[in-house]
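This report describes selected features of a predicted model.

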Amino acid sequence: MAVDPSHPHPVGALGKLAGASARHPFRVLTIWVVVLGAAAAVALAGVTGQGLFDRLGSDGSSWSNGESKTADDLLAGEDARSTTLLVYGVDTTDPELATLVAAAATDLGDLDGVTVVDPLLLPPLPDGSPDPRTASLYAADGDGVLISASVARTANDVDATVERVVDRLRSTADAIRTTFPGATAQVGSSDLLVDSIVHISESDLQRGETIALPIALIVMLVVFGGFLAAGMPLVGALVSILGGLGALFGFTYLIDVNTTVVNVVTAVGLGLSIDYGLLIVSRFREEYRRSPDGGSARAHRLTAIVRTAETAGRTVAFSGTTFAIAGLGLLFFSPSIVKAIGLGALSVTVISIASALTLLPALLALTGERLVRPGALTKIPGIGRALTRFGDIAPAEGFFSKLARRLQRHPALVALGAFAVLLLLATPVLSLRLANTAVDAIPSSSDQSTFITTLNTHFPEAAAPRVALVTRSEADARSWAATASKLAHVESVGTPVESGDAWRTSVVVDGKNGGAVVAELRDGHPAFDHWVTGTDARAVDFSQSLRSGIPWAAGVIALGTVLLLFLMTGSVVIPLKALFASALSLGASVGLLVWGFQDGAFAGLMGFDPTTVYGVDTLVVLLTFVFGFGLAMDYEMFILSRIKDQRDAGATDEESIARGLQQSGRIITSAALIIIVVFAGFATGDLMIIKQLGVALAFAVLLDATLVRCILVPAFMTWQRRIMWWAPAPLKRLHARFGVSD
């Protein structure tokens with residue numbers, strides 16, 4: 001290690017980096033401004049006129065490539081982009097309706113590559129029923145009809161032609177609503193649904209930031225007592241948002257990036273950057289006040305910055321690396337949406353660490369003593385005293401040390417009680433049912449919501465089925481349909497319909513048992529080419545596509561975490577304790593999702609229709625365990641670094657636990673509160689998958705910062721203090737050589 005003349009202690013790599021940033025703050029700020037400006041420019045405007053949100057998708061192609069994908073490709077036949085005009089609540093034999101539709105069909109038929117299917121052109125049968133060739137395009141009660149226009153992808157200027165088709169059908173829908181007051185007339189398609197979801201995703205992102213950032217500022221004002229110090233972590237948040245969006249824009253050229261990816265990655269990066277900023281600023285204020293006076297103000301400030309980097313900066317580096325390992329684990333899964341989230345998580349983690357170790361030291365160097373002085377809010381009568389009481393610098397004795405000492409009187413009883421509570425909260429997981437909420441629960445704010453709801457309710461033969469049989473021939477379809485009709489949970493089986501290069505037969509299942517029906521159908525093994533598709537089949541395929549990646553991801557995350565915690569503590573027991581405690585708290589979080597969303601307990605509070613939520617989103621469960629674990633390790637690092645500092649300084653095991661919790665308790669509580677606000681803000685959005693993930697991660701952090709870190713960890717570490725810091729002799733020697741310390 002080198003020795004800085006202005007700093008009496010040996011300076012490591014992190015100290016050198018922070019010191020260099022502090023010595024040349026304007027140079028560092030210029031670099032960050034240029035990088036972030038470029039990231040913002042490409043994310044918002046792109047390099048070819050397409051920004052990030054223009055390049056997003058939500059059509060499900062990034063989810064899996066299982067049996068359902070093969071079946072869907074067969075049913076698609078010739079590649080075409082179809083748009084549908086839905087009309088409901090009218091007399092389909094009314095000549096005015098036929099005239100309006102016929103005029104639109106004539107106009108569209110003149111366009112290159114456009115094929116129009118107008119069932120009103122075929123006269124009904126003598127008994128008044130629709131022609132069998134178009135029966136599926138009529139509402140079940142006969143009061144509605146579907147008109148479809150398809151644009152072949154071989155047509156000239158396909159995008160422009162699709163736009164003309166949509167515009168013409170929308171003008172027809174307007175005319176129908178005018179002519180038939182009270183009628184429903186909506187235009188829908190896969191393309192329009194994608195556009196709608198992307199718009200909602202962008203709106204949810206803005207809403208989440210609008211809610212989270214102001215509340216986070218209020219929390220940090222309470223912590224720091226002034227706007228200057230409170231604003232520092234928010235700078236990191238801005239850096240994370242812009243840098244993350246820029247990185248995701250680049251990834252759109254390498255991999256399919258779903259709308260969900262942007263919201264997930266932004267929320268996670270926002271939480272991480274504020275966490276790290278809070279820790280760095282708090283530790284700087286502590287080190288500045290602790291550093292001996294003497295020399296110039298600049299040297300005194302530089303000393304505090306370097307010491308901050310070598311203590312809190314080390315914790316940030318370890319914590320960020322742990323979170324990056326969690327993100328790395330997502331790359332072992334095959335669905336591209338999971339890989340995209342993993343790449344995005346790695347990006348925002350690197351950005352958050354880099355800003356904490358370079359940008360913040362530069363800002364600290366510029367603000368200096370003003371950051372340490374009591375803020376203007378502390379001078380307000382009444383408020384100032386409260387802010388001083390809850391400030392970031394913890395006294396030697398306080399609430400958390402007293403709490404720890406109370407727990408240490410009966411550590412075994414407290415630890416076992418905490419374990420029991422976590423297990424109880426996790427029990428709903430036993431009834432977990434996996435689903436794809438991105439398809440099931442289209443937000444009511446979507447302009448496609450009415451179209452999809454009406455289609456599913458009144459046009460069961462034309463609606464996207466939850467379960468569908470696909471065969472090569474009609475005879476095979478009828479044979480398999482007869483078998484399927486006898487299965488449990490099957491209410492009815494539709495008539496085989498030719499589509500593309502295959503035959504499709506819709507299967508209506510009762511309740512939310514589609515997954516079980518899919519499994520039974522696939523286990524039947526009929527003696528002909530066969531496939532099962534539909535919404536529930538795709539959800540099953542997505543879940544199965546994740547299974548092969550679970551052992552690799554879990555192994556990498558567990559091994560990486562154990563290795564990092566061992567290098568930090570020299571113990572093999574502490575890493576195993578951390579894994580076990582995190583697994584319990586995350587299981588409790590998924591249990592809350594089952595109760596709140598699958599069972600519908602949160603329907604009124606969060607404004608969703610429980611009948612459209614068929615279970616907990618498969619992707620949410622995966623991300624809750626991965627990101628929830630990464631965030632839990634944040635607080636594990638925070639508290640362990642303080643406990644180890646005390647233990648290395650000669651304190652007894654019990655005393656080091658009490659002092660470590662006292663020193664880290666306020667920051668953990670403040671950081672957790674901000675994280676909870678961030679995820680709760682995103683949970684107010686309209687996309688169901690973001691609602692579920694926001695609730696799960698907010699609850700995971702709440703549990704981890706209270707029951708786990710403040711109760712379970714100190715109690716368990718006290719109870720098992722004789723073995724807590726144990727490691728085999730060879731590993732002790734390894735740690736002595738390669739372990740990391742201040």
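Tyr 635 is buried, as its relative accessible area of 0% falls under 20%. Phe 638 is likewise buried, with a relative accessible area of 3%. In this predicted model, the two rings form an edge-to-face aromatic pair, with 5.9 Å from centre to centre and 80° between the planes. Tyr 635 and Phe 638 are three residues apart in helix H23, so about one helical turn separates them. An α-helix has 3.6 residues a turn, so residues three or four places apart point the same way.

The whole structure contains 14 aromatic pairs. Another of these, Phe 332 with Trp 552, is stacked, because the planes meet at 5° with the ring centres 6.3 Å apart. Phe 332 belongs to the loop between helix H9 and helix H10, while Trp 552 belongs to helix H20, so the contact ties together parts 220 residues apart in sequence. The accessibility of these two residues is as follows.

| Residue | Relative accessible area | Class |
|---|---|---|
| Phe 332 | 35% | partly exposed |
| Trp 552 | 59% | exposed |

Ring pairs also link Phe 419, Phe 580, Phe 716 and Trp 719 into a cluster.

The second largest pocket holds about 590 Å³ of space. Its lining comprises 22 residues, and those closest to the centre are Ile 550, Val 621, Leu 622, Phe 625 and Val 626. Helix H23 gives the most to this lining, with six residues.

Helix H7 (residues 227-251) has a kink of about 25° centred on Pro 233. At 1.5 Å a residue, its 25 residues should span 36 Å, which agrees with the 36 Å between its end C-alpha atoms.

Definitions and conventions. Residues are numbered from 1 along each chain as its sequence is written. This is a predicted model: local features need pLDDT of at least 70, side-chain atom pairs count only at pLDDT 80 or more; totals for chains, interfaces and linings use all residues. Side-chain values use heavy atoms; hydrogens and water are left out. Helices (H or I, at least four residues) and strands (E, at least two) are DSSP runs, numbered from the N terminus. The expected span of a helix is 1.5 Å times one less than its number of residues. The bend at a residue is the angle between axes fitted to the seven residues ending there and the seven starting there. On a 1 Å grid over the protein atoms alone, a cavity is a set of points where a 1.4 Å probe fits but cannot get out, and a pocket is an open set with protein on both sides within 12 Å along at least five of seven lines; lining residues have an atom within 4 Å of a point. Grid points are joined across faces, edges and corners, and a volume is the space filled by probe spheres set on the points. Rings of Phe, Tyr and Trp (its six-membered ring) pair if their centres lie within 6.5 Å; planes under 30 degrees apart count as stacked, over 60 as edge-to-face and the rest as tilted. Buried means under 20% relative accessible area, exposed over 50%, partly exposed in between (1.4 Å probe, protein chains only).
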